Amino acid sequence: MPPTVRRLLGAPELGLRQPTTVPEDALDAPVSWAHSSDLADPTPFLSAGQALLTTGAQFAGDPATGPGADAFDGYVARLVRAGVPALGFGTGVVVPTVPAALVTACAAAGLPLLEVPYRTPFIAVVRWVADAVAAEEGARTAWALRAQGAVSAAALGKEGLRGALRTLAEHLGRTVQLWNGEGELEESHPPAPAADAASLAGTVAALLTRGQRATASAGLGAAPGGQRLAHLQTLGRRNQLRGVLAVVGDGDLDAPARGVVTSVVALAELSLEQGRTLRRAVRVLRAEALRLLLEDRLDAAERVVEALGERLPAEPVRVVVLVPQDRTAARVEDALDVRAAATGGPFHARAGDRVVVVTGADDVAGLEELCRRLRVAAAASAPTPYARTAMALEQARRLAAQLGPGASGVRRAEAEDNGLLGILLRADAGQVARERLAGLLAEEEGRALLGYAAVWLSHHGRWEPAARQLGLHRHSLRARIERLQEVLGYDFERFTDRAELWALLSALNLEPGPPR
């Protein structure tokens, strides 16, 4: 328990008396030291929290008249401005009693006035304060050791960092908050009022934007003991900040409390760094799942995603390429990681220098909200089944390349807007291809011609390697392709005709080569 004016007044060995009436909270003011001086203005030599002891020699003046009331009023006003919590007046040394004008001035200013009897030397008062301060420091040091031990034990428990934050809040008697690297409140023990979170959001965002390790304080309004303050400290390395730890409560933190908070900052940084390592592993798995989707291996991709505790949306889906405007792809991926940890989605992964999201075809509102919160633009493919994920990604990439600087929102592609690629992305693309190629598919010779064409197109129209794969002479293969050209009415010298045939064959998932 820290030494206060009330405790000093109540020390029986000192025998102090209070000749004034002051507000109760004035008696609860802490006393950090006691200093004696008979100067008319001792405030240059005092610090806030130090009690002053005087014999009143500065007030002796003319024995006949004594000083005027203004002298006492000015003296007391200077002490109050300097943060002196109490004035001790030693009687019987210079004057026999406490001057009535001084009593009046202290009562008017709300400054506790303590009469120190002749039998109590000032050194006894100073020693009592010194012993009380030392005892309090020892108690606070012991408290800090216990608190650090409890926090460390909690950090090693099953709740990890969350348990450490809760334990810190219990020992401090304050609210402890963890804000993530995107400036969002992730943890609060106990739950923070919405007004507090809203007030701190701007300060947290400013600290994270600067990208430097820093501490800050923010006022959150008046409190019974003075003012409610938030003490904030960034977590992580320069330009790699992982979040902010905030401690909210009445008044300032003393040195032992700050020491405990510092230890939790170290634990939080270690935990977040370990989480960063885990996120890297998770990102590798997500990238692998995306690769499996692009290879049309949906079952394997679903197993990987489910192992991450996430789920792929039901098809048809949109493949979305995010285009950061004022941040890097890494920061966008960080934000999506936080969202996925909280809600289980959406599924996302890196594909080169872009972040790709796979979302439900009808989840346009959710997509718009996501882009607005992340401050990114997005290009979304047309609705597509998973079997055409690779083509949907290519469509989204092409659309993303058309987004200029300052673009916002989601630009969506529709199948009919994208030519041959759009045909492939249509949910009924297979049906379209079957209708277009119905005559050929109905006959064995026609199916064989289509199989030969699939091999030829897979070799980019080169005759020699295609014929070698088919076990034909190149002239024989050329004759078959020319026959197919006549049936379809195409001119395979034109790229567009070759591309259209490729699109139709891809929609059919036709096996290359003649039927077996």
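C371 counts as buried, at 2% relative accessibility. C106 likewise counts as buried, at 0% relative accessibility. Here buried means under 20% relative accessible area, exposed means over 50%, and partly exposed lies in between, with a 1.4 Å probe and protein chains only. The count of disulfides comes to 0, a disulfide being a pair of cysteine sulfur atoms within 2.5 Å.

The structure is a predicted model, in which local features need pLDDT of at least 70, side-chain atom pairs count only at pLDDT 80 or more, and totals for chains, interfaces and linings use all residues. Residues are numbered from 1 along each chain as its sequence is written, and side-chain values use heavy atoms, with hydrogens and water left out. The predictor's confidence in each residue, pLDDT, runs from 0 to 100. Its mean for the protein is 83, and 90% of the residues reach 70 or more. Confidence is highest in strand β3, at 96, and lowest in helix α13 (residues 419-425), at a mean of 54. Where pLDDT is low, the predicted coordinates should not be read in detail.

The protein has 19 helices and 14 strands. These are DSSP runs numbered from the N terminus: helices are H or I with at least four residues, and strands are E with at least two. Of the 516 residues, 46% are buried. Among contacts with a separation of 6 or more, 63% join residues 24 or more positions apart; contact means heavy atoms within 4.5 Å.

Two strands pair if DSSP finds at least two bridges between them. Strand β3 (residues 87-90) is joined to β4 by 4 bridges. L87 stands opposite L113 in β4.

Strand β5 (residues 175-180) is mostly covered, with 6 of its 6 residues buried. T175, Q177 and W179 point one way, while V176, L178 and N180 point the other way. β5 runs antiparallel to strand β9 (residues 240-250), and 6 bridges join the two. Q177 has A246 as its bridge partner in β9. β5 also pairs with strand β6 (residues 185-189) in the antiparallel sense, over 4 bridges. There, H189 is the bridge partner of V176. The hairpin of β5 and β6 has 4 residues between the strands, and G183 takes a positive phi near 75 degrees.

A nonpolar core is a set of buried Ala, Val, Leu, Ile, Met, Phe, Trp, Tyr and Cys residues joined through side-chain atoms within 4.5 Å. The largest has 29 residues, of which F347 and V356 touch the most other members. Elements giving two or more residues to this core include α8 (255-294), β12 (354-360) and α12 (389-401). The largest share, 5 residues, comes from α12. A second, separate core of 27 residues includes L449, Y452, A454 and I481.
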